[in-house]
Amino acid sequence: SSYGDIDFLVREDEYENVYRLLLDNGYSKTAELDKAEYHVVLTKDDVVFELHKRPGGIKMDGGQESQALIDFFSRGLDNVEYVKVDKYSFPVLPTLQNGMTLLIHFAGHMREGVGIRHLLDWMVYAEHYLSDQYWEEHFCAEAEKAHLKDLAKVMTKVCQRCFGLNNELTWCRDADSSSCRQLLEYLISEGDFGKKGAFENRGVKLLSE
């Protein structure tokens, strides 16, 4: 698939049961090793699937902040919402956890390869949900807890400057211009449109500045 893979997030205590259910229904585990034992990669009909017990990008250091994020997403799984596409209904995370998943996923991929498609995924979310009011009342505090508030602002400002995101969103206007330039240069020089590949590990520097 040109879009990489399809991710499933399940409760940690249901992970093994879901894994066995997928194997019983024609999914095959690939040779790729689980990363930090938080997900397994499977294939079916030439499509790649990742079964996650926690969102990719969360640091696996056993610290309080990591556990707080895991608990945050567990609360999201307790309150899933449903969206309908044609005649099919799909369970999805609530708006807040959904956005944090995209942000953490982007940050995680900056350590191993991120593409413009990841940024556009974020832009679609920001366009639909991250009004100034929602940012101030709900999202900002969670992004700050994860130490990703500045990255969220930089991503959003780049989307406004280069990809047509609504300029009426004001919460990102103080994003650092130098970081915006670095992010865009990084995506152009080393990114792709979401395909997996080999990347130099320069995104960590950008994240740490």
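Here are some notes on the fold, the cores, the helix packing and one proline.

1. Ground rules. This is a predicted model, with local features needing pLDDT of at least 70 and side-chain atom pairs counting only at pLDDT 80 or more, while totals for chains, interfaces and linings use all residues. Residues are numbered from 1 along each chain as its sequence is written, and side-chain values use heavy atoms, with hydrogens and water left out.

2. Overall layout. The protein has eight helices and six strands (DSSP runs numbered from the N terminus: H or I of at least four residues for helices, E of at least two for strands). Along the sequence the pattern reads β-α-β-β-β-α-β-β-α-α-α-α-α-α. Of its 209 residues, 40% count as buried (buried is under 20% relative accessible area, exposed is over 50%, partly exposed is in between, with a 1.4 Å probe and protein chains only). Among contacts (heavy atoms within 4.5 Å) with a separation of 6 or more, 55% join residues 24 or more positions apart.

3. The sheet. Four strands form an open sheet in the order β1-β4-β3-β2, and the pairing is mixed (two strands pair if DSSP finds at least two bridges between them). At the edges sit β1 (6–9) and β2 (28–29), each pairing on one side only. Strands β3 (residues 39–44) and β4 (residues 47–52) are antiparallel partners over six bridges. If you want a residue pair to check, valine 41 has glutamate 50 of β4 as its bridge partner.

4. The cores. The largest nonpolar core has 43 residues, and Met100, Leu103, Trp122, Leu130 and Phe139 touch the most other members (a nonpolar core is a set of buried Ala, Val, Leu, Ile, Met, Phe, Trp, Tyr and Cys residues joined through side-chain atoms within 4.5 Å). The elements giving two or more residues to this core are α2 (64–77), α3 (95–109), α4 (116–129), α5 (132–145), α6 (149–162) and α7 (177–190). Apart from it lies another core of nine residues, including Leu22, Tyr27, Leu42 and Phe49.

5. Tryptophan 122. What does tryptophan 122 contact, leaving aside its neighbours within four places in sequence? The partners are Gly99, Leu102, Leu103, Leu130, Phe139, Ala152, Met155, Thr156 and Trp171.

6. α4 against α6. The two axes come within 10 Å and cross at roughly 90° (axes are lines fitted to C-alpha atoms, for helices over the stretch in contact, and angles run from 0 to 180 degrees between N-to-C directions). That makes α4 roughly perpendicular to α6 (65 to 115 degrees; under 35 is roughly parallel, over 145 roughly antiparallel and the rest oblique). Leu119, Trp122 and Met123 of α4 meet Ala152, Met155, Thr156, Val158 and Cys159 of α6. By class, this contact has seven nonpolar, one polar and no charged residues (Ala, Val, Leu, Ile, Met, Phe, Trp, Tyr, Cys and Pro are nonpolar, Asp, Glu, Lys and Arg charged, and the others, Gly among them, polar).

7. α6 against α7. Here the angle is about 75°, with the axes 9 Å apart, so α6 and α7 are also roughly perpendicular to each other. From α6 come Val154, Met155, Lys157, Val158, Arg161 and Cys162, and from α7 come Ser177, Ser179, Cys180, Leu183 and Leu184. The class count is seven nonpolar, two polar and two charged residues.

8. Proline 91. Not counting residues up to four places away in sequence, proline 91 touches Glu81 and Tyr82. Its C-alpha atom is 5.6 Å from that of glutamate 81, 10 residues apart along the chain.
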